[in-house]
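Please look at the sequence and the structure first.

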Amino acid sequence: MPLGPALSIYDPVFIGIDEFGHRVTVPLIYRNMLIGGEPGAGKSALLNLLVAHAALSLDARLCLLDGKRVELGQWRRCADVFVGPDQGHAIRTLQRLQTMMDNRYAFLEWFGHRKVAPDHEFSPVVVAVDEIAYFSATAGDKKTQEQFSALLRDLVARGRAVGIIVIAATQRPSSDIIPTSLRDLFAWRFAGRCTTDVSSDIVLGHGWANRGWSANTISPNNQGAGLLIAEGGMPQLVKTAYLADADCARIAAYAATLRTAATRTRRTTRPADPSGPVADLPAAA
Ligand SMILES: Nc1ncnc2c1ncn2[C@@H]1O[C@H](COP(=O)(O)OP(=O)(O)O)[C@@H](O)[C@H]1O
Ligand SMILES: [Mg+2]
């Protein structure tokens, strides 16, 4: 297969068009994204779009958590880890990422850097979680659910500077799933159609519905439309681009081939990412 150019995770990610038909891109590096909305709002579709960009970015690594398995399943071959409906596996993976984050901070401190840069040896890691609620409110018991939430919060809060990019989707944007303090840590927030103004405010931030910005006004037939807000900015109406299953399959196969080729080349030109693999750790005895 002839190999074409790849993308970079340091590039802005194309996500769709605005009301005027202009392209909308979101820089993801040093940022996190929260995607909320009712079932069928287009959350998983947007997640797939972002993961597609990350998969084609040979400078990024992927960590996928998907309780339903099929939403992100096509990217499995491009990912360091794929977590299905297994809360223990999810917790071990987040613990591994937490250790990686601490090690990377030690490295940055030693070299006097404040954040990772494209010329650093370790690659940004995109952690995509579809349906946070499965791991934080459905599976396991209260203790493990809280453990999952605390780990995720730590990654969202501290991971940005070391290139850990958390993208999380949830269909129940209620405050028990996403406490306000956690929501405010997400630099990008996308609210697909929500059933109430309150749910919309939970994703976008308090008070936006009163000011005329509610994802409740989006038609249930307009899947993929939603309000996008950046830290400190105004909401913006966006219609996300859509990748059909066949598109995802093609992109995933191509990305997997590029990644294999890149790993082979890298092995001969520069050392591997010193962070080591985000592989599954054996279960604690
Ligand atoms: N941007 C989009 N453009 C057109 N159709 C979309 C778009 N996003 C989602 N859809 C349609 O909506 C359906 C449900 O989307 P999905 O992402 O699975 O919703 P959710 O994860 O929010 O439950 C998809 O199967 C697709 O047919
Ligand atoms: Mg979904």
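The model is predicted: local features need pLDDT of at least 70, side-chain atom pairs count only at pLDDT 80 or more, and totals for chains, interfaces and linings use all residues. Residues are numbered from 1 along each chain as its sequence is written, ligands are numbered from 1 in the order in which they are written, and side-chain values use heavy atoms, with hydrogens and water left out.

Visitor: How many residues surround ligand 1?

Guide: A residue counts if one of its heavy atoms lies within 4 Å of the ligand. Gly40, Lys43, Ser44, Ala45 and Thr240 are the closest, and the number of residues surrounding ligand 1 is 14.

Visitor: Which helix or strand gives the largest share of the shell around ligand 1?

Guide: Helices (H or I, at least four residues) and strands (E, at least two) are DSSP runs, numbered from the N terminus. Helix H1 (43–56) and strand E10 (236–240) each supply at least two shell residues. The largest share, three residues, comes from H1.

Visitor: Which residue forms a salt bridge with Glu38?

Guide: A salt bridge places a side-chain nitrogen of Lys or Arg within 4 Å of a carboxyl oxygen of Asp or Glu; the whole structure has eight. In the one formed by Glu38, the closest N and O atoms are 3.2 Å apart, and the partner is Arg193. Glu38 lies in the loop between strand E3 (33–36) and H1, and its partner in the loop between strand E8 (188–192) and helix H6 (197–204), so parts 155 residues apart in sequence are tied together by Glu38 and Arg193.
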